[in-house]
Amino acid sequence: MKVFVTGATGFIGSYVLEQLQASGYTVRCLVRGHAPEGVESVRGDVTEPATLGGTMDGCGAVIHLVGIIKEKRAQGITFELLHTEATGNVVQEARRAGVERFVHMSANGAAPDGVSRYQVTKWQAEELVRAAGFTHWTVLCPGLVFGRPAPGTTEFCTHLACILSLPLPVVPLFGKGDFRLQPVSASEVAAALVQAITRDAVHSRRITAVGRESLTYRDAIDRITQALGRRPRAKMTLPPALVRAAIKRFDRLGIVPITLDQFDMLIRGNTGDPSLFYQSFDLTPQPFTLQNLCYLRRRVQDRCCK
């Protein structure tokens, strides 16, 4: 079967390509710039429907990964465009091309009444997939994903590790830092996305993809610090209201490391029931351990020391 992939050059995309090739699929990727090696690629843009015409012809399945965590509104890059409109464009072309199987990556916490526009637009994109009438469809909703990013990409743990690598006397915490996370590895998420193509048991299912271990943000910071070969440092709690006010004031200047949307989602926690995720797919668990975070040292050197 030939599988069409959007977002193949992104963080999760690099893992998905590896999993698809290992599983014997023929892969066609939609790209705007640099194309991954070893796979067929076609030029197009998910935000421009005219460029998608014919790109999915002959494909039996689509894995749709495109999404953003931060807007660039001055450039017209918004959640509404990259989540809702882009998904609608991909779904429409997939239906025109006769694609029967559609696997969509959403996000944990996506909901019509989400705490952020990120979550609301992710939910709207899911609704488009559910209503499209595919013979087989699955929506996977990952939580906090960790793993070695592809060149030119990053992920939450690398971003946090760069901050923790700075010679700060104390580490600032949002509130008490007791909101909880259930990190899940990129390799597990990718394996589930690929297996979802043909697994009948996950047809018309929305599955939360989170790890089995629940830990506090404070504990996650300490674990990342230890993965960098350092001892955990003292911490200073910051009232959430104060942090929100600072983000509102300075975000437009581009000098804060987190957006208001990201902050609101983070302090709500990122957890869920992992049962269906691990029951539905054949996965090799990669827990959030020092061994599985060892990639952070190299990433911090490559990304933060330039």
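Contact here means heavy atoms within 4.5 Å. The model is predicted.

Q: Which residues of α6 does α4 meet?
A: Helix α4 covers residues 156–164 and helix α6 covers residues 217–227. On the α4 side the contact is made by F156, C157, L160, A161 and L164. On the α6 side the residues are Y217, I221, I224 and T225.

Q: How do the residues of the contact of α4 with α6 divide into nonpolar, polar and charged?
A: The contact of α4 with α6 holds no charged residues. The division is 8 nonpolar and 1 polar.

Q: Is α4 roughly parallel or roughly perpendicular to α6?
A: Two packed helices are described by the angle between their axes and the distance between the axes. For α4 and α6 the axes are 10 Å apart, and the angle is about 75 degrees. Angles of 65 to 115 degrees count as roughly perpendicular. Therefore α4 stands to α6 roughly perpendicular.

Q: Is Y217 buried or exposed?
A: Y217 lies in helix α6. Leaving aside neighbours within four places in sequence, Y217 is in contact with F156, L160, L173, F174, G177, F179, L181 and L266. The relative accessible area of Y217 is 5%, and the cut-off for buried is under 20%. Y217 is therefore buried.

Q: How are α2 and α3 oriented to each other?
A: Helix α2 (residues 79–96) and helix α3 have axes that come within 8 Å. These axes cross at roughly 5 degrees, and angles under 35 degrees count as roughly parallel. The two helices, α2 and α3, are therefore roughly parallel.

Q: Which classes of residue make up the contact of α2 with α3?
A: From α2 come F79, E80, H83, T84, T87, G88 and V91, and they meet R117, Y118, T121, K122, Q124, A125, L128 and V129 in α3. By class, the contact has 6 nonpolar, 6 polar and 3 charged residues.

Q: Which strands stand at the edges of the open sheet?
A: The open sheet has 7 strands in the order β3-β2-β1-β4-β5-β6-β11, with parallel pairing. Each edge strand has a single partner strand, so one side of each is left without a neighbour in the sheet. The edge strands are β3 (40–43) and β11 (205–209).

Q: What stands opposite T6?
A: Strand β1 (residues 2–6) and strand β4 (residues 61–64) run parallel and are joined by 4 bridges. The residue opposite T6 is in β4, and it is H64.

Q: Which strands does helix α5 touch?
A: Helix α5 (residues 186–195) packs on the sheet, and its direction makes about 170 degrees with that of β6. The strands touched by α5 are β4, β5 and β6.

Q: How many disulfides does the structure hold?
A: A disulfide is a covalent bond between the sulfur atoms of two cysteines. For C59 the closest cysteine sulfur is in C29, 10 Å away, which is too far for a bond. For C294 the closest is in C157, 13 Å away, again too far for a bond. The number of disulfides in the structure is 0.

Q: Is C294 buried or exposed?
A: The cut-off for exposed is over 50% relative accessible area. C294 has a relative accessible area of 52%, so C294 is exposed.

Notes: Residues are numbered from 1 along each chain as its sequence is written. This is a predicted model: local features need pLDDT of at least 70, side-chain atom pairs count only at pLDDT 80 or more; totals for chains, interfaces and linings use all residues. Side-chain values use heavy atoms; hydrogens and water are left out. Axes are lines fitted to C-alpha atoms, for helices over the stretch in contact, and angles run from 0 to 180 degrees between N-to-C directions. Angles under 35 degrees count as roughly parallel, over 145 as roughly antiparallel, 65 to 115 as roughly perpendicular and the rest as oblique. Ala, Val, Leu, Ile, Met, Phe, Trp, Tyr, Cys and Pro count as nonpolar, Asp, Glu, Lys and Arg as charged, and the others, Gly among them, as polar. Buried means under 20% relative accessible area, exposed over 50%, partly exposed in between (1.4 Å probe, protein chains only). A disulfide is a pair of cysteine sulfur atoms within 2.5 Å. Two strands pair if DSSP finds at least two bridges between them.
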